[in-house]
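Student: I would like to learn how to read a protein model. Could you take me through one, feature by feature?

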Amino acid sequence: MARSPRALDLPLRLADSSAPLRHRVADAVVDALRSGRLRPGDTLPSTRTLAASLGVSRGPVVAAYDELAAAGFLVSRAGSGAVVAAGADVAARAGAATHVPEPGRERPVTPAPPVPAARFDLRPGRPDTSLLDRAAWRRAWRAVGDALPGNDAGEVPRHALLRGVLADHLRRSRGVVVDPDDLFVVPGVGGSLRALPEAFGLVGRTVALEDPGYVEAWTAFGAEGVRTHPVPVDADGLDPTRLPAETAAVYVTPSHQYPLGARMPVTRRVALLDWARTTGGLVVEDDYDGEFRYDVSPLPALRSLPGAPDHVAYVGTASKLLAPSLRVAWVAVPRHRRDAFRVAVESRGLVVNEATGLALAELVSSGALAAHHARASRTYAARRGALVAAVADRMPDAVLEGVDAGLHVVLRLPDGTDDHEVARRCAHVGVEVSPLSAYAVESDVRGLVVCYAGLPESCAGDAVELLAAAVMR
């Protein structure tokens, strides 16, 4: 007959506290498991023996064993007493306990060393939300409070009010004439791109994307079973003559190529639309920051060309104009694919909160959005000028690209430079930027993507001084 395991001589250290004795005994056993002095399969001393060794009455020890067994640290075996359960040591090291600690008596946790905040966060995609008119923002949300929410759990928000005012906004600001019924409100650009392959029959087919380009577009299309093909961009953006023969759709940022900043000229826009007409292909136009152009007037969107509504899916967003945390974008799709796109959007749960849509509609209809755009454009233009001047002064040999529009510039680095390492050096001295090669698939481009939207003019010199020290090291 197998012998029962010998009970351990278990020296426990009870915490010096006002906690109930049964909790202190249980905690001492868990501490022994955590330190390795107790292991799964070990048999604990009898309650009488442990009480005697601790110099306490037997009742609290019995209660502590019951607590440990109820939590799963111990199991009772006939003839063997209380045995440490399998996995009890792992649970103890993971921080499991038998009871809720008294307030102020939680196990002390050594905090992780704080990560120093960057002095200047110049990563792209970060507009200055402090430029928002707080009074207008509050009025917009008060207007939301006057509207009762819908009560149909099976009905997604249609955002009829927002779609109406957006249609008017797009006509006036981007030259896009669209019926509100052809507009869809979605939670961000990435969400809209995930719905396109199913709606337009692109699964398993080839979609051409700019290289370097918007990483989230590559991710979204690839996740939906699309074959992605990189097309290198030049000073005029994507060249339609370089599209492979099997291309079913092409994703472009013609107003301000992301991230290099090129503006696609009208000749290429017309050529791209001709390609779509001839092949039956789809053009996905991402107009992510087409509103911000400083030295010349913005070109109307590609979607504004005659015949484009039948071949172009137009994507706009509030991310750069207002704030990326709103997670609001809009899509105008060719009418013959409207129902298919709605199904794709709703089946993926790509829904914008009803209240958010109402607040944005109020901002647009009240004129607050237009006023904010004018104010932000003046501010960003001044900050861009200060950054460019500081680079010219402190880094005279540097080459900047994409300075005419948007919220960022590209600081080119020599071929072969490890721009990821340069970005790490920049972060070390307190300046967060993004390496240009992170946006490339096959193109060998090296540089830093530097956003000036949140950089006050008075700080441009200091930021560039740190950049120069990191780049030239």
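Student: Does H159 count as buried or exposed?

Tutor: Buried means under 20% relative accessible area, exposed means over 50%, and partly exposed is in between, using a 1.4 Å probe and protein chains only. H159 has 10% relative accessibility, so it counts as buried. Before we go on, some ground rules: this is a predicted model, in which local features need pLDDT of at least 70 and side-chain atom pairs count only at pLDDT 80 or more, while totals for chains, interfaces and linings use all residues. Residues are numbered from 1 along each chain as its sequence is written, and side-chain values use heavy atoms, with hydrogens and water left out.

Student: Where is H159 found, and what is its phi?

Tutor: Look in the loop between α5 (134-145) and α6 (160-174). Phi of H159 is near 55°, a positive value in a residue other than glycine. R327 also has a positive phi near 55° and is not glycine. You can find R327 in the loop between β10 and β11 (329-332). With a relative accessible area of 43%, R327 is partly exposed.

Student: How many helices and strands does the protein have?

Tutor: Helices (H or I, at least four residues) and strands (E, at least two) are DSSP runs, numbered from the N terminus. Here there are 14 helices and 16 strands. As for overall form, the radius of gyration is taken over C-alpha atoms, and the globule rule is 2.2 Å times the number of residues to the power 0.38. For 473 residues that rule gives 23 Å, but the protein has 31 Å, well over that value, so it is more spread out than a compact globule. Its C-alpha trace spans about 95 × 60 × 50 Å along the principal axes.

Student: What share of the residues is buried, and what share of the contacts is between residues 24 or more positions apart?

Tutor: Of the 473 residues, 48% count as buried. Contact means heavy atoms within 4.5 Å. Among contacts with a separation of 6 or more, 72% come from residues 24 or more positions apart.

Student: What makes two rings an aromatic pair?

Tutor: Rings of Phe, Tyr and Trp (its six-membered ring) pair if their centres lie within 6.5 Å; planes under 30 degrees apart count as stacked, over 60 as edge-to-face and the rest as tilted. The structure holds seven aromatic pairs. In one of them, the rings of F221 and Y251 have centres 6.4 Å apart and planes at 70°, so this pair is edge-to-face. F221 sits in helix α8 and Y251 in strand β8 (residues 247-252), so the pair ties together parts that are 30 residues apart in sequence. Both F221 and Y251 are buried.

Student: How is the pair of F292 and Y380 arranged?

Tutor: F292 and Y380 are edge-to-face, at 5.4 Å centre to centre with 70° between the planes. This pair links distant parts of the chain, 88 residues apart: F292 is in the loop between β9 (282-286) and β10 (312-317), and Y380 is in helix α12 (residues 368-394). F292 and Y380 are both buried. There is also an aromatic cluster, formed by Y214, Y258, Y288 and Y439.

Student: Which peptide bonds are cis?

Tutor: A cis peptide bond joins D211 and P212, with omega about 0°, and P212 lies in the loop between β5 (206-211) and α8. The bond from Y258 to P259 is cis too, with omega near 10°. P259 lies in the loop between β8 and α9 (266-279).

Student: L260 is in that loop between β8 and α9 as well. Which residues is L260 in contact with, leaving aside neighbours within four places in sequence?

Tutor: They are P212, V233, E401, G402, V410, R412 and L436. L260 is buried, with a relative accessible area of 10%. L260 and G237 are 23 residues apart in sequence and 8.5 Å apart in space, C-alpha to C-alpha.

Student: And where is E224 found?

Tutor: E224 is in the loop between α8 (215-223) and β6 (227-234). Leaving aside neighbours within four places in sequence, E224 is in contact with R194, P197, V203 and R348. From E224 to A361 it is 31 Å in space, C-alpha to C-alpha, and 137 residues in sequence.
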